[in-house]
Amino acid sequence: MTNSLRISFLFLSLTILIVTTGCSSDDTVSPDNGTSTTANTNNTDAAGPVTEGAATESVEYKFGDLVPEFTPPTLEEIEAIEAWTDKPVVDVYQLMEQRKENEVAMMTAAEVLAIRNNTPEDNDKIVSAMGTLAVDGDVDYSAEWNRHTAGDIKSTNPLMSSSTAEFDVSGLLNMSLFTFDWNFTPYGNSAAITSWKTSSDGLMDLITVRDDLTWSDGTPLTAFDVEFSYKVILTSAIPIPAVRSGTDQLKGVKAYNENTLVIFHNEPLATNIWNMLFPIIPKHKYESTIADDPTLATSPEHVELDENPVTAGAYTIEKRVRGQEIIVKRRDSYFMHNGEQVRRKPHFETVRFKIIENPNTALLAMKKGDLEEMMLTPEQWQSQTNDDDFYKFNTKSYALEWVYYYFGWNFRSPYFKDKRVRQAMSYAFNHQELLEKHRFGMDEASTGIFHRTSPWAPPEAPAAYQQDLDKAEDLLADAGWEDTDGDGILDNFVDLDVDFDGISEGRQRMPFEFTILTSNRPDRIAICELLQENLDQIGIRCNVKPVEFTALQDTMLEHKFHAVFAGWGTGADPDTSENLWTTKAIDNGRNYGCYSNPEIDKLFEQGKRELDIEKRRKVYQQIHLTLWEDQPYTWLYFRNAYYAFNKELRGYNYSPRGPYNYGPGESTIFKPAAMQ
Amino acid sequence: MNQTNTTNESKKSPGFWRHAWLRFRRKKLSMCALIVVLCLSLIAVCSPMIAGTKPIVCKYKGNLYFPCMAYFNPDWENPIFQKDRFRKRYPKNLKEKDPESWAIWPLIFQDPYRPVRDNEWGDRPGNPFNGGKPSSLNLFGTSKGKDVLAMMVHGTRIALLVGFVSTGIAAAIGIVVGAIAGYFGGWIDIIISRIIELVMCIPSIVLILALIAVIEKPTIWHMMAILGFTSWTGMARLTRAEFLKLKESEFVAAARSIGAGPFRIMFRHILPNSLAPVMVPIVFGIAAAIKVEAGLSLLGFGAPPPNPSWGTILNAGMTNYTEWWQIVFPGIAIFITILAYNLIGEGLQEATDPRLADPKD
């Protein structure tokens, strides 16, 4: 059914998310500024490393000017090829049903709604019982779901999405040809295509689009729409904030007829599939108007289309009140075609996104029953959701999410070039207090870029650092850091690099005093203060500087910092980390700390090209271990996904990206008919 | 000066300021407020002796040290403790590394910058981290493990300092600029008045937010300077008005006639006579500066961490309304301080205004 919903195009190949300020209730800042768990690497509107966004004003409009020069073969030539490998085209909802058949819920939903979530055992019960899928006839199809979003959307056009809220909403409005499950295994989406084949050389993907797809205005959705959307994305004059990256890795997209679509690649890479997940917009609506208004946002036609978009997905926009709410309504033409049901019927008649920026206000709305879903902050989980008020309408659960937080050390800073210094930092920090006190003993220590349950993590996870001030001091002394002038602060000869451009301005004896940046939130500042205190104990002055998010983002992209406290979420594919660690990502990615290691560069190239899953795994395990040894970050913890749900809601399941951002994700959520 | 009336020729008439003080002293509320501010100043000066984890005085390996001075400036902590690997934990290390040592400790063994951990002081338990209600060990509760009382005691220093320094800067600029404008008049006055209007248009909060983002290592001093440089306009205008009035008076003419230069006349003769009306906005300015600092800290842009400003404690309490002690206690402190300054200002206004003077005086 709605497995195509939000999964649609969220997951471009470079899907690493930045959690420096994170999203929704996890943060007090509006997600428009931040990117989120759903966001793509370039998702910050202010500071995407690929600066297509704002910089395109002056570019002359030429449709599809970024599409590589390439003459696709004719349909006859393609049909002549015999060696095609069939790729799976599945209904991920069905996959979830199969998985659920093997899992027996420990208790029924009614039973767990009577208990409170106080222990991990309680949580297991609640997660398993509330994850039970709908049985036929059990769903109240006329239900409305009130969802929380921490920020308004700027546009309903899926190509323009860049914030969490936008990805959330346009996810419901759009259709994707591909999807992936909770293990991040990619599939063809059976709601949209009937077959998916890859040529034996891996350079072509032949896709048969279903013939019963329609846009919400009744026009059929065809392969030509896909080709058109591809060309729109690759038009430099159109300010596409996020979804261009990845899509620009394709060699070409060609629709041969309504149903036959071929996507061409430059190289047979394991990551090709992730580049094909771009959103689709209606050709018949945009074709004639796009030349007059390449911004897609100013001409009367485009404004009208943004207000009332023609959508491919299960829902259409019903109403939008700026700054307050966005209401989307199920459309019958999505699952009915010529009087027959051809796709799963979405469980909710309407979904209402209520925009509430302040997490405390949102929680109060939750307690009143006005909101039926929200992400909780750990503080809210710990101390504000244990009362009768909360449990009257709601229950809560949590699950591991692959979002790790770290202290990032800048290699251009005079202090952190030396591996021993970075290791000393990791030894100096009181990890135990962080986990037990600051993270309430609920989060797990992070021991590198992949979580231990990830297929890409080494079988033997490295042991987490424990505070050892003596060892830290020894390592610093090894690296030459000693208090020679007797002022109580360590000092050493270092290469000065005042402007952080990687070019040394000479050597000088400097005291070990630096500033760590963090976003402006009390819990994050408190963690930095713990580092400050620990470093102060061994004679290092660390200043904590809270910065507003966009400023933080800019500073990091310019590499003008010594250290930063921030977090990353996970992309669907391990290759997304390339954007954080390779040398080329210093200038064109999010390698803020300027980490550069030829071995890592080589491994990422290798991982991309390795098609054998076992061998590919080895490559990423090696990357994990090498990075851990180098400690370009002091890895701190994985943040759990904490969610509150109304008691009427059922069928939510968590993936390592939370309850929504995977297939089938939110499409399994329903309200039972019996509740009426 | 020459404004006081004399009712009895045989008794020496009190001077203007003495007179003002006599009248001020009769206002009970204002006197209370003055006492409150003096107490706060005392707390601010003695903060490391009231709450801290570093000894006020200690004898270590035959020498006397004052480690508590580190709360004023981290450089004032003797490096010997760093060299001997004290790691900023004094009670046990002192005894361990020199059994002969002795120390005088602050009244409250709590640190404004960090939580006190288990067994730091004898076998005393550490501060509770979450939901640390007021208790015998943490009289005002804890905020992320840090003792709220200790933070507030040390926060007094910031609050008062912000008030005095920023208003001091503002007063210095305001009086000089206002005096020049008022005394010289003419085109100088026109230009300065336009500059004053220009500066009044700058919203200081926005300016502070912008500067904090730009400065690599922002300190509380930066904020005081910005506050001072943007809030002098009111005082400048008042001074200018006073100077415009007084420069026409006989004593100025007299001074000029015996050849006094303009600056001598301005600052020796006119200024002391025009100070009274300017004093009032200065006192109110202190209250306003404290309020702005608390507001900025509440927004998270005030004193950089880990400086325990009152507003910072409020900010921590804001995300968790169940921990009421993080809001109530600093809230009361801010309220009392600002009220006290405002009462002093009001008393001063009444005491220095001859029209309000009791004719019996």
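Which residue is the bridge partner of Thr149(A) in β14(A)? In this predicted model, the partner is Ile355(A). The two residues belong to a pair of strands, β3(A) and β14 (residues 350–355) of chain A, which run in the parallel sense and are joined over six bridges. This pair forms part of an open sheet of four strands in chain A, with the order β3-β14-β11-β10 and mixed pairing. The edges of the sheet are taken by β3 (144–149) and β10 (315–321) of chain A; each has a single partner strand, so one side of each is left without a neighbour in the sheet. On average, and with direction ignored, neighbouring strands of this sheet are turned by 20° against each other. Helix α6 (residues 164–173) of chain A packs on the sheet and touches β3, β10, β11 (325–330) and β14 of chain A. The direction of α6 makes about 20° with that of β11(A).

Chain A as a whole contains 24 helices and 25 strands. Its C-alpha trace spans about 85 × 65 × 50 Å along the principal axes. A compact globule of 676 residues would have a radius of gyration near 26 Å, and the value for chain A, 25 Å, agrees with this. Of the 676 residues of chain A, 57% count as buried. Contacts in chain A between residues at least 6 apart in sequence were also examined, and 72% of them join residues at least 24 apart.

A second open sheet in chain A has six strands in the order β18-β24-β17-β23-β21-β22, again with mixed pairing. Here β18 (444–445) and β22 (541–547) of chain A stand at the edges. Each of these has a single partner strand, so one side of each lacks a neighbour in the sheet. Within the sheet, strand β21 (residues 513–519) of chain A pairs with strand β23 (residues 563–568) of chain A in the parallel sense, over two bridges. Ile516(A) has Ala563(A) in β23(A) as its bridge partner. Helix α20 (residues 549–557) of chain A lies across β21, β22 and β23 of chain A and runs at about 130° to β21(A).

An antiparallel pair is found elsewhere in chain A, where β8(A) and strand β9 (residues 260–265) are paired over five bridges. A hairpin of four residues joins β8(A) to β9(A). Leu250(A) stands opposite His265(A) in β9(A). Strand β8 (residues 250–255) of chain A is largely enclosed by the rest of the structure, because five of its six residues are buried.

Asp387(A) provides an example of an exposed position. This residue lies in the loop between α14 (378–384) and α15 (388–393) of chain A. Asp387(A) counts as exposed because 12 C-beta neighbours are found inside 10 Å, the cut-off for exposure being 12 or fewer. The C-alpha atom of Asp387(A) is separated by 46 Å from that of Arg244(A), and the two residues are 143 residues apart along the chain.

In chain B, helix α5 (residues 148–184) packs with helix α9 (residues 233–246) at an angle of about 35°, and their axes are 7 Å apart. The crossing of α5(B) and α9(B) is right-handed. Residues of α5(B) that make the contact include Ala170(B), Ala171(B), Gly174(B), Ile175(B) and Gly178(B). On the side of α9(B), the contributors include Met235(B), Ala236(B), Leu238(B), Arg240(B) and Phe243(B). The residues of this contact divide into 13 nonpolar, five polar and three charged.

Ile35(B) is found in helix α2 (residues 28–50) of chain B. With 11 other C-beta atoms within 10 Å, Ile35(B) is exposed. Its C-alpha atom and that of Leu275(B), 240 residues apart along the chain, are separated by 23 Å.

The contact between the chains takes 28 residues from chain B and 30 residues from chain A. On the side of chain B that touches chain A, the elements giving two or more residues are α3 (80–83) and α12 (310–318) of chain B. By class, this side of chain B has 10 nonpolar, nine polar and nine charged residues.

How values were computed. Residues numbered from 1 in each chain as written. Chains lettered and ligands numbered in written order. Predicted model: local features only at pLDDT ≥ 70, side-chain atom pairs only at ≥ 80, totals over all residues. Buried ≥ 20, exposed ≤ 12 C-beta atoms within 10 Å, placed from the backbone. Pairing = 2+ DSSP bridges. Contact = placed C-beta atoms within 7 Å. Nonpolar A, V, L, I, M, F, W, Y, C, P; charged D, E, K, R; others polar. Axes fitted to C-alpha atoms, helices over the stretch in contact; angles between N-to-C directions. Rg over C-alpha atoms; globule rule 2.2 N^0.38 Å. Left-handed = near helix turned anticlockwise from the far one by under 90°.
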